[in-house]
Each structure stands twice: as C-alpha cells, then as structure tokens.
Amino acid sequence: MKKILTIIFILMTFAYPIFSQWRVMNPHPTPNALYVGSAPSADRFFTVTPQSEAVFTHDGGQTWKVVQIGGNGIYRSCYFLNDNLGWAAGAFVERLHKTTDGGLTWTWLSNAPDTTKYDIFFIDQNIGWSVGFNGFIIKTTDGGDNWFSQTNTSVTSRTLYGVYSTDANNVYVVGSSDAVLKSSDGGNTWNLIPMIYGTTTDYRGVYFPPTGSGQIGFIVGHRNRIAKTTNAGATWSSVYDGGTTNQLWSVDFDDSFVNGLACGALSTVLRTTNSGNTWSAVGGFPAGITFYSVRFGSDNAVYLSGNNGYLFKSTDGGATWNELGYRFTTSSLKDVSFADTLNGYVVGTNFVARTTNGGLTWMQQTSPFSGDINEVVATSSDHAVAGCDGGNVIVTTNGGNNWNLVATGITGTNSDILAIDFINDNFGIAAAYNGTVAKTTDGGFNWTIVSAISGFNPWDMDMVDSLYGWVAGTGERIVRTTDGGLTWQQQLSVGGIGTYGISFIDRQRGIAGGTGGNTYYTTNGGVNWLSATTPPGNTVWGIHFVESPVLGSIGMTACASGYVYISTDGGANWTLEPRYTISTFSDIYMTDAAHAWIVGNSGVILKYDQPANVPVELLSFSSFVVDDDVTLNWSTATETNNAGFQIERSKKLEVRSEEWSSIGFVNGSGTTTKIKSYSYKDENLAAGKYLYRLKQIDLDGTFEYSNIIEAEVLSPSEFILEQNYPNPFNPNTRIQYAIGSKQFVSLKIFNSLGEEAASLVNEEKSAGFYKIDFNASHLSSGIYYYKIIAGDFVQTRKMILIK
C-alpha cells in the first residue's frame with residue numbers, strides 16, 4: 001500500500017516593487033525635438049528636449065536612456081565637459097541644471113536667473129556662460145552654483161543663440177540679426193563685430209577648433225551661411241553662402257581640425273575635409289528634418305540630433321550616416337488594439353502594422369483599402385477586424401499576412417465606420433458615422449444591417465457581451481443596447497461637441513470622455529452618468545477601463561497635445577501622467593491593468609508597464625507526499641510578465657540549511673487575471689525532511705521568492721512489493737517496492753517455466769522506497785513472475801507481456 005502524508009497549504013503573494021513606467025516605442029527613444037547636444041567621447045552623446053528630458057547614450061547609440069531633468073519649461077542646450085560632468089539650460093522656471101553622473105540625475109542650479117536660455121558652455125569645471133533672450137548673458141565661476149549677469153543691452157538686445165570660449169578671457173556669442181559678439185576679458189565687456197554679409201544673417205552656432213590656438217573659428221546662420229575667422233574673431237569672411245533662407249544651427253570639427261560639419265533646417269548637412277575652406281552637401285537623410293546639433297565625439301564618431309526625435313551617427317567623420325534608435329513609421333495612427341500583451345495592431349490612412357513582441361518592433365502590412373482605416377479590434381493574435389471609410393472593413397485570420405476587404409452593406413453619406421467592436425472571433429457590431437448598425441457572426445466576412453442610431457454620429461463603441469453594448473458620439477451622447485444591437489436607448493445627451501471614447505469593464509461599470517476633457521462614469525450600466533469630479537484637462541480622444549486586483553479598477557485617457565490621465569476610483573477623479581510628446585493622441589488600448597498602448601500623430605506609440613497593478617499573486621502552495629515522491633501544487637490569482645517558476649529544494653537539517661538547489665522549471669502564463677494552476681513532482685527521494693520554495697521569474701529576468709514549505713518523506717514501516725504498472729505492458733513497466741530495514745535484496749524475473757529471465761536487484765539496500773524500470777524488449781510475449789527476497793520477506797507477483 002502507498003504511504004500518503006498530509007498536504008501542507010500556505011497562502012501568500014509574491015512581493016513586487018511599486019513602480020510605473022512609460023516608454024516611447026516609436027520613435028524610440030523620443031518623438032520630441034532634440035536640441036543642442038554634446039559628445040564628450042566617442043560612445044557618449046547627450047541632448048535635451050522641450051519636454052524636460054535628457055536623452056543620452058553611453059554605448060555609442062546602441063541603447064538610449066530618457067531622464068526627466070526637472071523644472072517646468074523647455075530645455076534648449078546641454079554641454080558636457082567630460083563623460084560625467086554636464087549642464088543643461090532652457091526656458092522658464094528651473095531651467096538650469098547640472099549632472100555629475102553622466103545624466104542619470106540632475107541638480108537644479110537655483111541661483112541662475114529665470115529667463116529663456118538658448119545655449120550653455122563651460123571652459124572648465126568652474127567657469128561657464130549661458131546666453132538667451134534679449135541680449136541675456138550670465139557667467140559662473142563656481143560650476144554653476146552662483147551666476148552673475150554680463151548682459152549689456154547697449155551692445156545688443158538681440159536674442160543670443162550660441163556661446164563658445166577658447167579660454168577664460170576670449171568668449172564669443174552669436175544670435176539673431178547679425179549679432180556676433182566678442183569679449184577679451186572673460187565677458188566683462190563686449191564688442192559687436194561689424195556685419196559680415198551684405199544682408200542680415202541670423203546666427204545660431206559658434207565653434208573654435210582647439211588646434212587653432214584660439215585664432216580660427218566658425219559661425220553658422222541662416223541663408224546657409226558659414227563664416228570663418230583666422231584672427232580670433234577680429235574679422236570674418238564667408239566660406240559658404242547657400243543663397244537661400246535656410247537656417248544653419250550648428251557647426252563642429254574633429255580634433256585634428258581636418259573634417260568639419262554644419263547642419264540645419266531642411267535636412268541640411270554640410271561637410272568640409274580641408275579645415276573649413278570649402279563645404280559640400282551630404283545627402284541621404286529623410287526630408288524636412290531640422291538638425292539642431294552636430295557633435296564630434298572623436299575624429300570618426302559624429303552625432304546629429306534634430307526635430308521629431310531624429311538621431312544619426314557617422315563612424316567615418318561624417319561621410320555616411322545611420323539613423324539611431326527605432327522608427328518604423330511617421331504616419332499618423334488612428335487606432336490600436338492588442339489581443340494579448342505581445343500581439344497587437346495599429347491602423348491609419350492606408351496603413352496597418354502588427355507587433356508580436358509587445359510593441360518593441362512593428363511590421364507594416366499590406367492593406368487592401370487605400371483610404372482611412374479608423375478603428376481596429378484584435379480578437380486573437382491571428383484574427384483582427386478594422387473599420388474603414390465607405391462602410392468597409394478589412395479582416396485577417398492569419399496575423400495580417402493577408403487582409404481581406406469586405407463591404408458591410410452600409411452605404412450612403414457618412415458611411416465611414418468609426419465605431420466597431422468584437423466580443424470574440426465571430427461576433428461583432430459596427431456603427432457608421434451616419435448611424436447605420438451592422439452585425440456579423442462569422443468574424444467579419446458577412447454582415448447584416450440590424451438597426452440605426454439616430455440623433456447623432458457614432459464615434460466609439462464597447463460591447464461587453466453579445467447583448468450589452470454602448471455607443472458614444474457627437475453631441476456628447478451615449479446610447480445602450482441590451483439585445484445585441486437590434487435596438488438602442490439614449491442614456492446621455494449633454495449637447496457638447498462630442499464624446500469620443502467609451503469603455504466598460506462589465507454591464508455596470510463604465511467611463512466615457514470627449515471634448516475639453518468632459519468625462520463621465522457610471523456604476524449602474526449607464527442608467528445614471530455622473531460627471532467626473534476632477535476631469536482630464538484636455539480633450540479625450542481615446543479611453544479604456546479595466547479591472548485591477550490591486551486598485552479595483554483603472555482607467556486611462558489618450559488626449560490632445562500628448563496628455564494622458566489616469567483614474568483609479570472608477571472615473572471620478574483623474575490625475576495627469578508625465579507628458580512625453582506634444583503630438584495629439586488618438587486612441588489607447590489596455591490588455592489589463594498593467595499594460596497599455598497609446599497611439600497618435602506622427603506615428604507616436606507609447607507603452608505603459610506597471611506590474612504592481614497586476615502582480616503575480618500566489619493563492620496557494622502545497623506539498624503532497626506519496627511514498628518517496630513529493631508533488632508540489634500551486635495556483636496564482638493574477639500574473640504579469642511571468643516567465644515561470646524555478647523550483648528549489650533544500651534538505652532540512654538539524655541546523656539551519658541554506659543549500660538550495662534548482663530541481664526544475666515550470667513555464668508561467670505571461671500576463672493574466674485568470675486563476676492558473678501548476679504542479680511539479682520531485683521523485684525518488686530518500687527519507688527525510690525537505691524544504692521547497694518557488695523562484696518566480698519575470699520575462700525581463702527579475703525575480704521574487706515565495707514562502708518556504710516543508711515536506712517529509714518517511715521510511716517505510718513494512719516490506720512491500722507493489723503490482724507493476726502498467727500491466728499488461730509492452731515493453732516497459734515499473735516495479736516499486738519498499739523495505740522497512742536494511743537488507744540484502746534480490747529482485748528477479750521468471751518465465752512461466754520457472755526459468756530466470758532477468759535479475760533486477762542483487763545488493764544490500766537501506767530502508768526506503770524503490771522503483772525499477774524494466775524493459776522486456778528482449779523477451780517474448782507471455783506470463784512472467786517477479787519475486788523479491790529481502791531478509792525474511794518473500795513475495796511474488798504476476799505480470800503479462802503483450803507484444
């Protein structure tokens with residue numbers, strides 16, 4: 001008989017650090033303008049954005065980090081003296097900061113005057129200048145802790161954009177309307193250099209190569225103009241005059257003062273290979289980029305930064321260039337939908353793309369529809385349906401390898417489908433802008449007109465099951481169906497411009513938002529809609545509402561001008577999230593409380609990850625002992641990014657033991673809010689007490705340990721020979737036996753004539769449970785007997801081999 005011990009049962013949860021993370025997926029690392037940058041070495045480039053961000057690489061552009069600097073305004077320039085020490089300057093409150101750890105953290109330099117600053121430069125760790133609006137010039141002699149004014153509006157009150165110093169005395173500043181200034185006494189007094197060209201030039205950048213002994217320098221400005229001095233700025237002469245209105249922003253040279261580069265608007269990059277005497281255009285860039293900065297990190301490594309997050313690198317001194325980061329489209333995206341945390345789709349005008357890795361990369365697919373694709377629903381990784389203009393939908397059942405164009409039967413004026421939703425791979429409803437409603441029960445290939453919504457234009461739809469659903473639209477109106485779209489009842493009519501997004505968790509709880517941030521919530525299926533107490537501050541173009549085992553519920557909005565708001569109290573109050581772009585968002589999709597994606601203009605895609613909202617919650621962890629086997633069982637209530645569980649075991653000794661060993665791995669379920677059950681069997685254990693724990697590992701490699709449970713394998717108190725299993729068998733079977741004390745054991749197989757066919761055990765054994773796997777492939781079919789002799793214990797059992 002089998003020895004079965006009591007189950008040990010423990011309730012617990014894995015502990016998770018609470019953190020929230022937004023990441024720009026496209027374009028990565030940022031969609032924002034990248035202003036004046038700095039490259040202190042070949043592998044390090046730093047730049048700043050108007051969204052309070054420092055954007056930098058420490059590995060030559062392979063990976064990028066985006067850090068919020070602080071303050072409230074626009075950063076325009078940064079300068080790094082070495083790989084770690086740098087400063088950033090900009091406009092409005094608190095816009096002068098310092099870092100000493102390579103941009104990871106920033107300290108506000110509170111004594112700097114509060115005005116718009118366009119550039120900053122340091123000659124050493126103590127002495128530096130910053131320049132800006134209305135002739136603004138300030139200087140520090142203690143690394144930025146304290147600043148004093150060197151502004152002299154009697155010399156110039158023009159906006160100053162660039163500053164450079166060859167030593168502690170000679171300082172150069174350039175700006176709009178022919179502003180070229182020089183100081184020979186560290187900025188105490190300034191001289192305005194006479195007009196260089198015959199027409200006015202707005203200058204932006206100034207640079208003096210260090211091998212020029214302070215005599216040779218360059219300035220760049222609009223009309224594609226580059227001027228050069230060979231006498232420390234006393235006089236300047238033109239070396240390039242493009243003859244257009246195009247603005248040049250930056251100029252830089254390698255350390256050998258052979259190769260130089262200038263850059264500016266309209267994707268302009270100019271290169272010299274003879275120390276700046278002649279310049280020629282470098283092509284191959286996307287059209288329309290304004291490059292604000294070009295910086296040599298070494299003689300070969302050069303970086304370009306510009307608007308819309310464009311970053312380029314050259315490894316041959318500027319002759320050829322490669323784009324850095326990730327950018328798969330600049331097309332405006334209208335909608336997004338994910339089937340799970342990995343598989344999702346985005347759509348736009350004649351545009352559809354798919355990801356299979358949570359949005360890290362995207363593959364554009366061929367659309368059979370050339371107009372606006374307005375709304376997409378991904379019911380599974382392979383099946384998706386998108387609503388298009390003119391009453392059309394496109395359907396895929398193979399992950400977008402092929403899309404099929406299907407006419408729903410909706411026709412007439414305003415037949416564009418903006419509102420569509422599916423509850424599974426088969427059942428879906430679509431409402432056109434003219435109010436016509438169509439239904440499908442075969443995944444979108446065949447549609448039937450079932451009803452019409454009157455009085456407003458539908459904009460968004462959410463079906464929670466085959467009967468209940470809601471549509472929101474113009475006039476800030478909401479209607480509900482309780483019969484699968486056959487009839488619609490008006491629930492809200494505020495009379496505003498529009499309610500553009502609506503989302504429900506179940507038949508009772510829902511939220512909706514639209515014009516000017518007007519947001520509503522309901523807890524009774526829309527019988528009553530309540531206005532948010534603290535609504536979003538911007539027009540809501542997309543909204544989503546899901547359940548959270550931690551928060552109860554969580555709602556998110558995608559708003560105009562790059563704003564995102566979150567509610568954790570059912571939609572009554574909304575708080576502003578960090579702003580990562582000024583591009584207007586069009587839609588948001590949440591697979592669960594831990595994952596969301598937002599899309600919008602210029603192809604911008606943001607992803608939200610917060611595992612704490614859906615932690616890996618362990619409901620139970622128990623052990624079950626049968627003979628010398630321990631079976632571990634556990635279940636989870638929720639999981640987020642769960643790669644799996646590593647099972648670890650330790651033998652319990654009289655003293656505390658920390659000798660844990662890994663004995664197996666069980667795959668997790670990724671992200672889910674459903675209860676999942678798991679099991680693992682630890683076999684053939686010697687008698688004793690054992691400790692077990694689970695090492696829960698996330699997809700990114702982070703891990704947490706469960707509590708420890710104990711299981712005891714007992715020595716058998718009697719001698720046992722179990723019936724083999726399976727029986728009959730072909731050709732493998734297992735024989736189990738137990739001996740209650742140390743004995744010499746003989747276990748043999750005999751045929752029906754009593755002849756020995758095999759000897760399985762013939763040695764001394766300690767007390768315990770044993771298993772023997774017997775392969776009878778060398779024997780013929782028939783009846784066999786297996787016999788054990790262990791001391792005084794003798795027993796024989798019959799087995800049948802059938803081939």
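1. Let's start with a surface residue: leucine 266 counts as exposed, at 62% relative accessibility (exposed means over 50% relative accessible area, buried under 20%, and partly exposed in between, with a 1.4 Å probe and protein chains only). Its phi is positive, about 55°, although leucine 266 is not a glycine. You'll find leucine 266 in the loop between strand E24 (260-264) and strand E25 (269-272); strands (E, at least two residues) and helices (H or I, at least four) are DSSP runs, numbered from the N terminus.

2. A word on what you're looking at: this is a predicted model, where local features need pLDDT of at least 70 and side-chain atom pairs count only at pLDDT 80 or more, while totals for chains, interfaces and linings use all residues. Residues are numbered from 1 along each chain as its sequence is written, and side-chain values use heavy atoms, leaving out hydrogens and water.

3. Asparagine 350 also has a positive phi without being a glycine, near 50°. Asparagine 350 sits in the loop between strand E32 (344-348) and strand E33 (351-355), and counts as partly exposed at 39% relative accessibility.

4. Now the inside. The largest nonpolar core has 38 residues, and Phe218, Ile219, Ile226, Val251 and Trp279 have the most contacts inside it (such a core is a set of buried Ala, Val, Leu, Ile, Met, Phe, Trp, Tyr and Cys residues joined through side-chain atoms within 4.5 Å). Several strands each supply at least two residues of this core, among them E12 (128-132), E16 (171-175) and E23 (248-253). The largest share, 4 residues, comes from E16.

5. What does tryptophan 279 touch? Leaving aside residues up to four places away in sequence, its contacts include Phe218, Ile226, Val251, Leu261 and Arg271 (contact means heavy atoms within 4.5 Å).

6. Have a look at strand E53 (residues 564-567) too. Val564 and Ile566 point one way and Tyr565 and Ser567 the other, and all are buried. E53 pairs in the antiparallel sense with strand E52 (residues 552-559) over 4 bridges, and with strand E54 (residues 575-576), again antiparallel, over 2 bridges; strands pair if DSSP finds at least two bridges between them. Serine 567 is the bridge partner of glycine 555, and leucine 576 that of tyrosine 565. In the E52 and E53 hairpin, with 4 residues between the strands, serine 561 takes a positive phi near 60°.

7. Finally, check the cis peptide bonds. One joins asparagine 26 and proline 27, with omega about -15°; another joins asparagine 730 and proline 731, with omega about -15°.
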